[in-house]
Amino acid sequence: MSGSEAGVKPALISVRPTTAESKWAGKECPHCKKDISAGENAVLCPKCYTPHHKDCWTTHGNVCALDQTPANIMERAGRAAAPAVDGAPVGTPAPVKPAAEAPAPPKAAPVKAAAVPVAAAVPAAKPAAGGGASSARAMRSAARRAQAQLTTWPHLLMPEFLSAVLLMIGLTVMAWFVNAPLEEHSNPNHTPNPSKAPWYFLNLQELLLHMHPGLAGVVIPTIIIVLLMAIPYVDITSDDTGVWFSGAQGKKVFWISTVYTFLWAWALILADEFVGVRAVIENAIPVLKISWLSEIVTQTMVPTAIMWAVAVGLYISIAHLKPTVRDVMIAYFTAFVIAWILLALVGSAFRGPAMVLYWPWNMPPRIA
Amino acid sequence: MASGTLGQRPPTGAQVWDWLRNGRVFKSIFRYSYPSDRRNRIMTVAKNVFLHLHPSQVPRGGIRVTYTWCLGGLSFMTFLMLTVTGVLLMFYYVPSVTRAYQDIQDLETVVTFGMLMRNIHRWGAHMMVITVFLHMCRVFYTGSYKPPREFNWVVGVILLVLTLLLSFTGYLLPWDQLSFWAVTVGTTIGGAAPIIGKQINFLLLGDFEIGQNTLIRWYTLHVIALPLILSLFLSVHFWRVRQDGGISQPM
Ligand code: HEM
Ligand SMILES: [Zn+2]
Ligand SMILES: [Zn+2]
């Protein structure tokens with residue numbers, strides 16, 4: 001381990017074409033001291049968010065001209081428009097993260113701080129000894145930092161306290177008026193119809209109706225958990241952290257994915273309910289009447305293929321937007337959220353006796 | 001100055017207040033008076049065992065309610081309320097197939113505020129599933145999982161799974177038809193796992209069918225094991241929020 005660069009990768013940042021609306025349009029590039037104007041490609045320092053010309057960043061040795069934060073440019077188009085931030089602090093030329101302006105610690109920096117440059121924003125990061133190259137800059141940044149920081153008491157603790165009180169009142173009021181269900185004593189010899197899991201697992205129970213239980217109840221949840229955990233290791237640019245949907249394009253992707261998933265989920269549920277995919281295939285291919293074979297083909301392979309196809313279709317329907325990695329993440333995470341909620345809803349409100357579909361207002365009573 | 005001595009005349013309200021607020025007892029608990037300037041406000045948070053979970057200052061952008069929607073905080077508050085009401089329920093509930101259902105009925109009918117406690121615990125459990133899920137959505141859509149916060153996102157996913165497990169293990173305890181058959185459905189799903197399905201099913205039930213062994217397993221998981229594990233991951237979660245430079249903020 002020699003020095004801070006050993007064995008650690010600098011952050012990745014994306015190229016952002018500048019338009020007249022970009023937040024950084026007209027800001028001064030700290031490398032060449034010229035303004036960044038519309039039409040030019042810019043990058044933002046992942047730590048202090050100061051805009052640089054794309055080429056100035058590379059000329060400067062792929063480090064920020066202000067705080068020497070290293071970052072490599074990801075060769076793929078970023079977002080054209082400015083990230084839509086409502087209510088971002090005004091009057092701050094280049095919004096800064098707290099303590100981010102402390103000059104990057106030189107060689108002897110702790111490995112962790114170097115591992116990901118933004119980690120240097122930890123309040124504890126000490127200004128490096130010998131980093132006093134510009135005390136004027138240090139003072140300016142201290143002033144900016146103070147302006148961007150509020151004391152925890154009362155600015156954070158008061159809202160926290162209030163929301164805690166509201167929560168306690170809300171829950172108590174609800175608990176006062178609505179009683180928790182308690183049915184008859186359990187009876188292993190008498191199965192209520194329908195028997196349902198709690199609502200947050202009804203999405204899995206819904207999948208169970210359409211495919212092999214091992215696939216629905218074990219394989220798919222495991223894959224979901226693993227994929228969720230993998231998100232931050234696939235989407236590794238960090239210069240749009242803190243922006244809802246990463247801007248206008250991400251919001252568009254969100255809506256496309258929402259509509260797409262909603263329609264497909266309903267279509268598949270209805271198709272299986274009224275056409276009966278399993279029966280259709282078994283009738284078409286008589287050998288599948290053998291039950292273990294049918295289990296493999298109609299209950300495992302066909303559902304898996306359909307889910308893959310729907311997933312690929314989602315990518316195709318956002319491809320025209322030239323999605324960034326983040327956009328792809330938004331598309332699939334949204335598909336997960338919408339499908340998850342929708343299936344839980346179908347299971348709770350639309351499934352009646354024998355798990356047949358009913359309109360909620362026509363639901364026959366549960367045979368307890 | 002603390003005026004502990006009271007004159008001949010009855011003390012005015014202000015004197016009593018001053019005596020309470022600046023007397024030896026109060027000062028031994030809270031060393032400092034109300035913090036009205038920046039420096040003292042910072043000290044208040046930094047020196048208080050409960051508050052020092054927070055940084056003493058926070059970036060302006062990170063505390064907008066429309067940014068976090070307080071969802072992490074609400075999840076935590078709900079967890080605390082569940083702990084308190086859960087302890088109260090434990091005073092009355094015995095995890096035995098011959099008593100459990102009767103104990104719940106007693107809670108609802110003869111125990112003072114028993115019904116209220118049970119209701120708060122039940123609705124709180126649903127609420128926590130919702131707030132944790134929404135918190136995950138907030139974190140995702142604001143891109144707050146990005147470096148350097150990758151690992152805290154992973155810890156978060158574990159917390160989500162633990163929250164679901166806590167909720168589900170509690171579901172069995174009333175031992176009524178609803179809980180019995182919900183758990184039957186749930187454990188049958190586990191039993192459908194490829195290759196080791198039968199073993200998983202036995203592990204979940206402690207038997208070949210739901211019975212006393214199942215109840216004691218799920219009870220122990222619900223009141224001790226899972227809350228402890230969740231608290232452990234929660235500590236890591238909160239610690240990492242600070243280690244990763246405080247919560248992310250809009251640029
Ligand atoms: C028991 C459940 C959980 C509790 C009590 C909890 C609590 C909190 C709290 C209080 C914060 C501070 C900011 C905020 O309130 O939004 C936070 C931040 C965070 N949480 Fe959670 N959380 C839980 C579950 C999760 C889950 C399921 C995920 C994601 C899968 C997650 C990922 C994160 C991340 C990445 C941060 C940092 C966000 C930022 O810097 O903006 N947490 N959590
Ligand atoms: Zn330049
Ligand atoms: Zn910089």
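In the predicted model, helix α11 of chain A passes helix α7 of chain B in a left-handed crossing, a crossing being left-handed if the near helix is turned anticlockwise from the far one by less than a right angle, and right-handed if clockwise. Helices (H or I, at least four residues) and strands (E, at least two) are DSSP runs, numbered from the N terminus. Axes are lines fitted to C-alpha atoms, for helices over the stretch in contact, and angles run from 0 to 180 degrees between N-to-C directions. On the side of α11(A), the contact (heavy atoms within 4.5 Å) is made by Arg326(A), Met329(A), Ile330(A), Phe333(A), Thr334(A), Phe336(A), Val337(A), Trp340(A) and Ile341(A). Helix α7(B) contributes Phe133(B), Met136(B), Cys137(B), Phe140(B) and Tyr141(B). The residues of this contact comprise twelve nonpolar, one polar and one charged, where Ala, Val, Leu, Ile, Met, Phe, Trp, Tyr, Cys and Pro count as nonpolar, Asp, Glu, Lys and Arg as charged, and the others, Gly among them, as polar.

Residues are numbered from 1 along each chain as its sequence is written, and chains are lettered from A and ligands numbered from 1 in the order in which they are written. Because the model is predicted, local features need pLDDT of at least 70 and side-chain atom pairs count only at pLDDT 80 or more, whereas totals for chains, interfaces and linings use all residues; side-chain values use heavy atoms, with hydrogens and water left out.

Helix α7(B), residues 114–141, also packs against helix α5(A), residues 157–177, at an angle of about 120° with the axes 8 Å apart. The two helices are therefore oblique to each other, and their crossing is right-handed. Leu167(A), Leu171(A), Thr172(A), Met174(A), Ala175(A) and Trp176(A) of α5(A) meet Leu116(B), Asn119(B), Ile120(B), Trp123(B), Gly124(B) and Met127(B) of α7(B). By class, nine of these residues are nonpolar, three are polar and none is charged.

Within chain B, helix α5(B), residues 71–90, packs against α7(B) at about 155°, with the axes 8 Å apart. These helices are therefore roughly antiparallel, and they cross in a left-handed sense. Their contact has 14 nonpolar, nine polar and two charged residues.

Across the whole interface, 97 residues of chain A are in contact with 89 residues of chain B. The area buried between the two chains is about 8300 Å², of which carbon and sulfur atoms give 71%; buried area is the accessible area (1.4 Å probe) that two parts lose on being put together, summed over both. Two salt bridges are counted between chain A and chain B, a salt bridge being a side-chain nitrogen of Lys or Arg within 4 Å of a carboxyl oxygen of Asp or Glu. Asp240(A) pairs in this way with Lys146(B), the closest N and O atoms being 2.8 Å apart.

Over all chains, the count comes to ten salt bridges. Within chain A, Arg16(A) forms a salt bridge with Asp239(A), with the closest N and O atoms 3.6 Å apart. This pair links distant parts of the chain, 223 residues apart: Arg16(A) lies in strand β1 (residues 11–17), and Asp239(A) in the loop between α7 (213–234) and α8 (248–274) of chain A.

Phe245(A) is found in the loop between α7 and α8 of chain A and has a positive phi of about 60° although it is not a glycine. The peptide bond from Asn193(A) to Pro194(A) is cis, with omega near 0°, and Pro194(A) is placed in the loop between α5 and α6 (202–210) of chain A. In chain B, the peptide bond from Pro147(B) to Pro148(B) is cis, with omega near 10°; Pro148(B) lies in the loop between α7 and α8 (150–172) of that chain.

Definitions and conventions
Parallel < 35°, antiparallel > 145°, perpendicular 65-115°, else oblique.
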